[in-house]
Amino acid sequence: MTVNQAYKKPKDKGKASKIVFNTLIYTMLAVWALIVLFPFYWMLLSSVKSYAAYSVEYIPKFFTLSPTLKNYADAFTAVPLGRYFGNTVIFTLLTTALMLVVTTLAAYAFARIDFKGKNVVFSLFLALMMIPNELVIITNFVTVTDLNLRNTFAGLILPSVASIFYIYLLKENFEQIPDELYRAAKIDGTTDFGYLMKVMIPVCRPTLITIVILKIIECWNSYVWPRLITDNEAYYLVSNGIQEIRENGFGRENIPAMMAAVVVISLPLIILFLIFRNKIMEGVSRGGTKG
Amino acid sequence: MKHKGLKAFLYLLPAILFLGVFMVYPLVDVIIYSFEEGYNSASQTFFGVGFYNYSYILHDPYFLQALKNTFIIVIITVPVSTLLSLIISLGLSSIKPLRKLFQTIYFLPYVTNTLAVGLVFMILFKKTAYTDGLVNAVIKLFGAQAIDFIDGPYWAKMFVMCFYTVWVVLPFKILILTSALASVKDDYYKAAKLDGTPRFRVFTHITLPMISPMIFYLVITGFIGAFKAYSDEVAIFGTDLNAAGMNTVVGYIYDMLYGDSGGYPSYASAAAVVLFIIVFTITVINLMISRKKVFY
């Protein structure tokens with residue numbers, strides 16, 4: 001009897017406190033979710049308000065009864081948003097493709113070939129990971145200027161091709177492939193390069209996809225280097241484009257059109273995220289950094 | 001063996017070329033730049049070697065302002081974002097329904113273009129002739145005076161800056177901490193429950209020690225990231241950060257390099273080296289503390 005009571009009492013008390021506790025937690029989580037989502041809501045909302053309606057709202061309204069898509073039309077006609085967008089797509093695709101080739105070859109060498117000094121070279125690679133971008137960007141700016149590559153895609157792309165972290169990630173994955181596969185392929189007369197293409201790459205596809213997505217996010221959001229290296233609007237990427245729009249675009253007052261541009265710029269990555277949610281979050285937690 | 005070495009070299013060649021040209025060479029070069037006095041980028045000449053560039057930037061009011069701003073951003077955002085992400089992650093890991101949804105929402109800022117979303121923050125906080133903006137409307141609701149957060153007093157601007165920075169960095173921290181919390185073995189919690197250990201004691205004696213390595217990882221990367229603050233500032237205050245009084249060290253480096261105030265790679269290099277020394281020192285201190293305090 002005493003045992004039963006001793007068990008029952010805290011349990012009942014625990015139930016009530018658990019409800020209070022859960023309510024508190026859900027409230028807190030919901031508040032933060034609202035803070036995260038609100039800017040997105042606000043940009044969508046502002047982007048469908050007409051300019052006339054927006055300008056007379058001394059106190060901004062939380063909804064609109066007459067949504068319009070005119071701002072989106074303006075965003076593509078009044079400023080060259082389409083071109084910024086196209087530039088960013090080209091930049092992102094080329095950088096990612098080149099990065100993939102360089103990364104795969106290097107990761108293969110580290111994972112599969114036993115050469116003298118491998119550990120030393122690999123350690124040197126890892127040491128370079130600690131070098132902050134800010135330190136090397138100055139000389140890169142001078143180099144690219146000297147090579148007359150300012151305002152070209154080559155100048156934009158080349159410095160961001162090599163990513164040591166991705167080499168590291170892929171090398172680790174390549175090393176997990178059992179040696180037996182390699183020996184079997186050798187007996188079949190497959191060349192090393194053939195083995196890389198036909199076995200290693202297909203086996204490690206999940207890691208490769210993660211790398212590609214992380215690189216796409218990085219490219220789409222890159223701002224500092226493109227800003228340094230382009231002053232011709234024909235080569236602006238979206239980040240620079242949105243700054244240009246802010247300063248000289250629609251006229252400072254036309255916030256709705258500006259917000260339409262912001263929505264257009266943000267949308268591709270949000271869609272990518274919603275499709276590859278798990279891959280992205282897993283990839284980032286394995287070693288992405290931001291902040 | 002020799003054959004293998006050549007082959008490995010060929011596979012590594014593209015990576016070595018790219019890293020050599022755009023990382024190793026610049027690293028050496030930036031240090032040389034920083035000591036070349038009176039460097040002229042048009043004629044590529046200089047007339048001396050010494051510490052003048054360092055002394056110049058350390059006496060430049062713009063640099064000192066940038067240094068002050070950067071330190072304030074670091075001191076405020078690193079503890080706030082770490083603590084906030086810890087609270088949110090603890091909340092997340094103690095619920096089941098809706099958890100995935102919350103996690104997805106919280107991660108959104110990570111995949112957005114900070115330059116673009118910064119504009120939304122600017123509009124929410126900005127006060128203009130024809131509207132006070134949403135935040136000010138709320139402030140007025142509570143009977144206080146409207147403040148211009150974008151062109152107004154220093155601390156109002158700093159508040160927006162830190163708020164936006166926390167908003168941007170939190171997704172990464174929440175993600176790391178929720179996976180750290182998920183990896184704490186259930187056995188420990190079960191044992192604690194059997195002993196009837198109070199919730200708070202479970203937190204301080206089990207949860208916190210188990211995730212302490214990850215917290216320190218976040219503190220270290222947080223320091224490094226916050227010291228490099230720049231794009232978020234541009235997103236809110238525009239490209240002329242000196243005029244807004246909100247420049248950061250990285251912003252100062254780029255201003256010296258390029259733009260209306262640019263053309264001084266030597267000053268930029270000296271500032272970059274100073275930044276690197278600060279970040280390096282703080283990282284070493286962090287590592288030393290973590291070695292003493294962190295439970296592995």
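How many helices and strands are there in chain A? Chain A has 15 helices and zero strands. The views below come from a predicted model.

**View 1. Chain A as a whole is more spread out than a compact globule.** Chain A is built with 15 helices and no strands. Its radius of gyration is 26 Å, while the globule rule gives 19 Å for 291 residues, so chain A is more spread out than a compact globule. The C-alpha atoms of chain A fill a box of roughly 85 × 75 × 35 Å along the principal axes. Of the 291 residues of chain A, 38% count as buried. Now take the contacts in chain A between residues at least 6 apart in sequence. Of these, 75% join residues at least 24 apart.

**View 2. Chain A is assigned two domains.** Domain 1 of chain A covers residues 2-69. Domain 2 of chain A covers residues 71-285. Their centres, taken over C-alpha atoms, are separated by 36 Å. The two domains do touch: ten residues of domain 1 of chain A and ten residues of domain 2 of chain A take part in the contact. On the domain 1 side, α1 and α2 (51-56) of chain A each give two or more residues. The most come from α1(A), with four residues. By class, this domain 1 side has five nonpolar, four polar and one charged residues.

**View 3. Chain A meets chain B.** The contact takes 68 residues from chain A and 75 residues from chain B. Which elements of chain A give two or more residues to the side that touches chain B? They are α1 (2-47), α4 (81-112), α6 (133-146), α11 (205-221), α12 (224-229), α13 (238-248), α14 (255-275) and α15 (277-285) of chain A. The largest share, eleven residues, comes from α1(A). Look at the classes next. The side of chain A that touches chain B has 50 nonpolar, ten polar and eight charged residues.

**View 4. Chain B is also assigned two domains.** Domain 1 of chain B runs over residues 1-50, and domain 2 of chain B over residues 54-293. Their centres, again taken over C-alpha atoms, are separated by 33 Å. Seven residues of domain 1 of chain B are in contact with seven residues of domain 2 of chain B. On the domain 1 side, helix α1 (residues 2-35) of chain B gives the largest share, four residues. By class, that side has four nonpolar, two polar and one charged residues.

**View 5. Two helices of chain B, α9(B) and α13(B), are roughly antiparallel.** Helix α9 of chain B holds residues 199-227, and helix α13 of chain B holds residues 265-293. Their axes come within 10 Å and cross at roughly 170°. Angles over 145 degrees count as roughly antiparallel, so that is the label for α9(B) and α13(B). Which residues make the contact? From α9(B) come B:Phe216, B:Val219, B:Ile220, B:Phe223, B:Ile224 and B:Phe227. From α13(B) come B:Leu275, B:Ile278, B:Val279, B:Ile282, B:Thr283, B:Asn286 and B:Ser290. By class, the contact of α9(B) with α13(B) has ten nonpolar, three polar and no charged residues.

Technical notes: Residues are numbered from 1 along each chain as its sequence is written. Chains are lettered from A and ligands numbered from 1 in the order in which they are written. This is a predicted model: local features need pLDDT of at least 70, side-chain atom pairs count only at pLDDT 80 or more; totals for chains, interfaces and linings use all residues. Ala, Val, Leu, Ile, Met, Phe, Trp, Tyr, Cys and Pro count as nonpolar, Asp, Glu, Lys and Arg as charged, and the others, Gly among them, as polar. Domain bounds come from an automatic or database domain assignment. The radius of gyration is taken over C-alpha atoms; the globule rule is 2.2 Å times the number of residues to the power 0.38. A residue is buried if 20 or more other C-beta atoms lie within 10 Å of its own, exposed if 12 or fewer, and partly exposed in between; C-beta atoms are placed from the backbone. Axes are lines fitted to C-alpha atoms, for helices over the stretch in contact, and angles run from 0 to 180 degrees between N-to-C directions. Angles under 35 degrees count as roughly parallel, over 145 as roughly antiparallel, 65 to 115 as roughly perpendicular and the rest as oblique.
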